[in-house]
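These are my notebook entries on a single chain. I looked up a few residues, then the cores, then the totals.

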Amino acid sequence: MKVITSYLWLVATLGLFNVAAVASDADLRQAEQQIFQLANQAREDAGVEPLQWNEQAAQAARAHAKMMAEKQALSHQFSGEPAMRERMAATGLRFDSVAENVADAESADGVHQVLMNSPPHRQNLLNPKYNSLGIGVAKNGDQLFVVQDFAHSISTRTSEEVEDEVIADFNRLRVSHGLPEVTATKSQDLRKLACEGKQRQVHARDVLNISPGASRVMAFTLSDPSKLPESLLNASREPAGRIGIGACFAPNPSTSYAAFWVLVTMYR
């Protein structure tokens, strides 16, 4: 699954910059919550599910908003700064899709209106694929610099939890096909080999070398254990007595910052 990142920016210059004004953290947090509430009100008016506040996304947004205020400029990435999705991943947030709005104005209401009047920014605000939002606000003079970091965030899971969910979903499928459940073994060897998939391509022969007698081998990445890959859906209809499984958390810009590498072996 590829990480989908939307880069949008908007210059909304509403006045000249003066000497940087000191704003208390409480004032900035209040502005963040006001903008957050306005965003969810707009989503409610549009018939879209509300966003959940995400503190990890807010950490990334605040750091970037502070940089914008210091530089008195709007940007999604300044020289020497990591890309937005990398900044968000560094907080520990797990996600498979992100987007960012940046703007400046003299008030929280003003920022919201500027964003809602811009079609691409409005699209981010009302996009139903995002379920989380973190906002950062910084101030320079009378101007608020605002960053909205949107994400489709995914619950944090351990390797064992992913393995358990895949096993349970696989057996539910087999029962729905009128087949008996399989016994399952969570393999440290498969888990170790799955972790190698972060650095190199894992071949079927690598798996068979540690899983003699396996009738089928499957390797795939997975962000949502409830959405099994086609290979495993098809395998659920085949004769089998047991399976082996190993999963390893493998965040990667080319796949997903919530992805696991999973190896499954089937035995008849």
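I began with Val202, which I found in the loop between helix H7 (188-196) and helix H8 (204-210). Helices (H or I, at least four residues) and strands (E, at least two) are DSSP runs, numbered from the N terminus. I noted that the model is predicted, that local features need pLDDT of at least 70 and side-chain atom pairs pLDDT 80 or more, and that totals for chains, interfaces and linings use all residues. Residues are numbered from 1 along each chain as its sequence is written, and side-chain values use heavy atoms, without hydrogens and water.

Is Val202 buried or exposed? I read 17% relative accessibility for Val202, so Val202 counts as buried. The classes are buried under 20% relative accessible area, exposed over 50%, and partly exposed in between (1.4 Å probe, protein chains only). I also checked Val202 against Ala219: they are 17 residues apart in sequence, and their C-alpha atoms are 8.0 Å apart in space.

Next entry: Arg87, in helix H3 (residues 84-89). Its relative accessible area is 10%, so I logged Arg87 as buried. Which backbone oxygen lies 3.0 Å from a polar atom of the Arg87 side chain? I found that of His76. Setting aside neighbours within four places in sequence, I listed the contacts of Arg87 (heavy atoms within 4.5 Å); among them are Ala60, His64, Glu81 and Glu100.

Then I looked up the largest nonpolar core and counted 24 residues in it. Such a core is a set of buried Ala, Val, Leu, Ile, Met, Phe, Trp, Tyr and Cys residues joined through side-chain atoms within 4.5 Å. Ile35, Val111, Leu133 and Phe150 are among the residues with the most contacts inside this core. Elements that each supply at least two residues include helix H1 (25-45), strand S3 (95-105), strand S4 (132-140) and strand S5 (143-153). H1 gives the most, six residues.

I followed Phe150 further. Beyond its neighbours within four places in sequence, Phe150 is in contact with residues including Leu51, Met88, Glu100, Tyr130 and Leu133.

Last, the totals. I counted nine helices and nine strands in the chain. Of the 268 residues, 50% count as buried. Among contacts with a separation of 6 or more, 72% join residues 24 or more positions apart.

Terms used: Polar contact = N/O pair within 3.5 Å; in protein donor to acceptor, adjacent residues only side chain to side chain.
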